[in-house]
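The sequence and structure are shown first.

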Amino acid sequence: MSITLQSTVGGFSAEFMRRLPALEEAMVAHGLEPPQFVISKDRATPATVPIIGPFFYDYTVFVGEEHFTVTEPNDIQFLDYFYQRCIAEDEPAQPARRGRPGLISCIFRWMAQPI
């Protein structure tokens with residue numbers, strides 16, 4: 001199984017679909033399970049001029065009960081951003097009071113950082 005993809009704006013680009021297996025392999029190599037992820041692509045702004053189309057898209061990633069949204073101009077920009085977050089090294093361990101945060105918590109923390 002692989003990442004579930006959803007779109008309200010006509011699907012994902014062919015290049016995104018070609019590069020998706022490499023993302024899933026990287027996720028598995030870093031302890032993530034691609035079938036647990038759902039990526040949804042939506043228009044980031046209302047259609048002010050329908051002929052031109054959207055300039056940016058909201059990509060919402062759902063993992064279990066949690067989710068985050070990233071706004072990017074195209075599928076490849078999002079894929080590159082998400083890939084880098086999936087392969088990022090864990091932050092150095094700090095004295096923990098309640099234990100080390102889980103992998104999903106790390107991903108959400110990385111996604112919340114400004115670009």
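## A buried aspartate without a salt bridge

Asp58 is buried, yet has no salt bridge. The nearest side chain of opposite charge belongs to Arg43, 9.8 Å away, whereas a salt bridge requires a nitrogen and a carboxyl oxygen within 4 Å. In this predicted model, the side chain of Asp58 instead makes a polar contact of 2.5 Å with the side chain of Thr71.

Asp58 is part of strand β3, which covers residues 57–63. Leaving aside residues up to four places away in sequence, Asp58 touches Ser40, Lys41, Asp42, Arg43, Ala44, Thr69, Val70 and Thr71. Among these neighbours, Lys41 lies in strand β2 (residues 37–43), and strand β4 spans 66–72.

## The salt bridges

How many salt bridges does a search of the whole structure find? There are three. Glu15, Arg19 and Asp80 are linked in a network of such bridges.

Arg19 counts as partly exposed because its relative accessibility is 31%.

Lys41, a residue touched by Asp58, forms a salt bridge with Asp75 at 2.9 Å, N to O. Since Lys41 lies in strand β2 and Asp75 in helix α2, the pair ties together parts that are 34 residues apart in sequence.

Are the two partners buried or exposed? Lys41 is buried, with a relative accessible area of 5%, and Asp75 counts as buried at 4% relative accessibility. Both values are under the 20% limit for burial. Asp58 is buried as well, but has no salt bridge.

## The nonpolar core

The largest nonpolar core has 26 residues. Those with the most contacts inside this core are Leu23, Met27, Phe37, Val61, Phe68, Phe78 and Phe82. The elements contributing two or more residues are α1, β2, β3, β4, α2 and α3 (103–112). Helix α2 provides the largest share, six residues.

Phe37 illustrates the packing. Not counting residues up to four places away in sequence, Phe37 touches Ile3, Thr4, Met27, Leu32, Val61, Phe62, Val63, Phe82, Ile104 and Ile107. This list includes Met27, Val61 and Phe82, which are themselves among the core residues with the most contacts.

## The chain as a whole

The protein chain has three helices and four strands. From the N terminus on, these elements follow the order β-α-β-β-β-α-α. Among contacts between residues at least 6 apart in sequence, 54% join residues at least 24 apart.

Of the 115 residues of the chain, 33% count as buried. The accessible surface comes to about 7400 Å², and carbon and sulfur atoms account for 54% of that area.

Definitions and conventions:
Residues are numbered from 1 along each chain as its sequence is written. This is a predicted model: local features need pLDDT of at least 70, side-chain atom pairs count only at pLDDT 80 or more; totals for chains, interfaces and linings use all residues. Side-chain values use heavy atoms; hydrogens and water are left out. Buried means under 20% relative accessible area, exposed over 50%, partly exposed in between (1.4 Å probe, protein chains only). Lys and Arg count as positive and Asp and Glu as negative; His and the chain ends are not counted. A polar contact is a pair of N or O atoms within 3.5 Å; within protein, one must be able to donate a hydrogen and the other to accept it, and residues adjacent in sequence count only if both atoms are side-chain atoms. Contact means heavy atoms within 4.5 Å. A nonpolar core is a set of buried Ala, Val, Leu, Ile, Met, Phe, Trp, Tyr and Cys residues joined through side-chain atoms within 4.5 Å. Accessible areas come from the Shrake-Rupley method with a 1.4 Å probe; for residues, only the protein chains shown count as cover.
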